[in-house]
Amino acid sequence: MCALVLALNSLSIHRPKRQSQTVRRCVKFADKFGLPLVQSKEYDESEIPLKTLPLPSLDSTNDRRVLELRPTFVPDSTLSDSYLLSNKVKLHSFKVIGSSIEGAVCVHNISFHKTVFVRYSLNNWASFNDIACTYSDQLSPEFDKFLFFVNFGQLYSGMVAEFCLCYRIDTSEFWDNNMGLNYRVVADGPASSSGAVPKPERRGSVQAVPYW
């Protein structure tokens, strides 16, 4: 009897330990032909894909400065009869509107047929454009006023626009070139709180024609 117990003990079955496994259940629905309709699957937490949201990209355009046109001269709206009688043409008023400039020009009315225009350059007078002024009204029997508008288009940092005024009658021309400095506007960031106007540099001696 003892020998039989020992024999049974020696024949005892050692079952391997079962490793923990994730139970996956799959349910399928079939149509009348046996083809699957839908499939439902349960995932273990470790199998669930994680979605990562992209980081917001920094738009470099937000760092760009807002450019403005600023004149390097102080407009003089005063009219001197003696100056107009001698020089024949003068910038009367001026202002900046976005990327454009507009102003008024006074001329000595010495001829009924006359042409008044603005000549401007964006490349230090390597080339230039002429914009005709339009007649506005008569300030007095001796003086007429003309208006001009110039749009420079897209501004870019460091852009310098120079302009002067021409009054033409028959075969004669008279220029207002800001006493040889030319009228200049620059594209730059917003003006400082002090509101100081940049001091222009003299580009040549006083002449009767624009200095470029």
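Predicted model: local features only at pLDDT ≥ 70, side-chain atom pairs only at ≥ 80, totals over all residues.

**Entry 1: the overall count**

I looked up the secondary structure and found 2 helices and 12 strands. Reading along the sequence, I noted the pattern α-β-β-β-α-β-β-β-β-β-β-β-β-β.

**Entry 2: strand 6 and its partners**

How many residues of strand 6 are buried? I got 6 of 7, which makes strand 6 mostly covered. Next I went through the pairing. Strand 6 runs antiparallel to strand 10 (residues 160–169), and 7 bridges join the two.

I moved to Lys 114, which sits in the loop between strand 5 and strand 6 (115–121). Is Lys 114 buried or exposed? Its relative accessible area is 18%, and the cut-off for buried is under 20%, so Lys 114 counts as buried. I then asked what its side chain touches, and found a polar contact of 3.0 Å with the side chain of Asn 109.

I traced an open sheet of 4 strands, in the order 4-5-9-8, with antiparallel pairing. Its edge strands are strand 4 (89–97) and strand 8 (134–138), each of which pairs on one side only. Neighbouring strands in this sheet are turned by 20° against each other on average, with direction ignored. Inside the sheet I followed strand 5 (residues 100–108) against strand 9 (residues 143–151): they pair in the antiparallel sense over 9 bridges. One of the facing pairs is Ser 100 opposite Asn 151 of strand 9. A reminder to myself for when I view this on screen: in a regular strand, side chains alternate between the two faces of the sheet.

**Entry 3: the largest pocket**

How is empty space found at all? Rolling a probe the size of a water molecule over the atoms shows where it is left. For the largest pocket I noted a volume of about 230 Å³. Its lining has 14 residues, and those nearest the centre are Asp 76, Lys 90, Leu 91, Asn 178 and Tyr 183. By type, the lining divides into 8 nonpolar, 3 polar and 3 charged residues.

**Entry 4: two positive phi values in one loop**

Asn 178 from the pocket lining made me curious about its loop, which lies between strand 11 (172–176) and strand 12 (183–188). Phi of Asn 178 is near 60°, a positive value in a residue other than glycine. Met 179 lies in the loop between strand 11 and strand 12 as well, and its phi is also positive, at about 55°, although Met 179 is not a glycine. Which class of accessibility does each fall into? Asn 178 has 17% relative accessibility and so counts as buried. Met 179, at 44%, falls between the 20% and 50% cut-offs and therefore counts as partly exposed.

Terms used:
Residues numbered from 1 in each chain as written. Heavy atoms only, no water. Pairing = 2+ DSSP bridges. Axes fitted to C-alpha atoms, helices over the stretch in contact; angles between N-to-C directions. 1 Å grid on protein atoms, 1.4 Å probe; cavity = no way out; pocket = protein on both sides within 12 Å on 5 of 7 lines; lining within 4 Å. Points joined across faces, edges and corners; volume = space filled by probe spheres on them. Nonpolar A, V, L, I, M, F, W, Y, C, P; charged D, E, K, R; others polar. Buried < 20%, exposed > 50% of the residue type's maximum accessible area, 1.4 Å probe, protein only. Polar contact = N/O pair within 3.5 Å; in protein donor to acceptor, adjacent residues only side chain to side chain.
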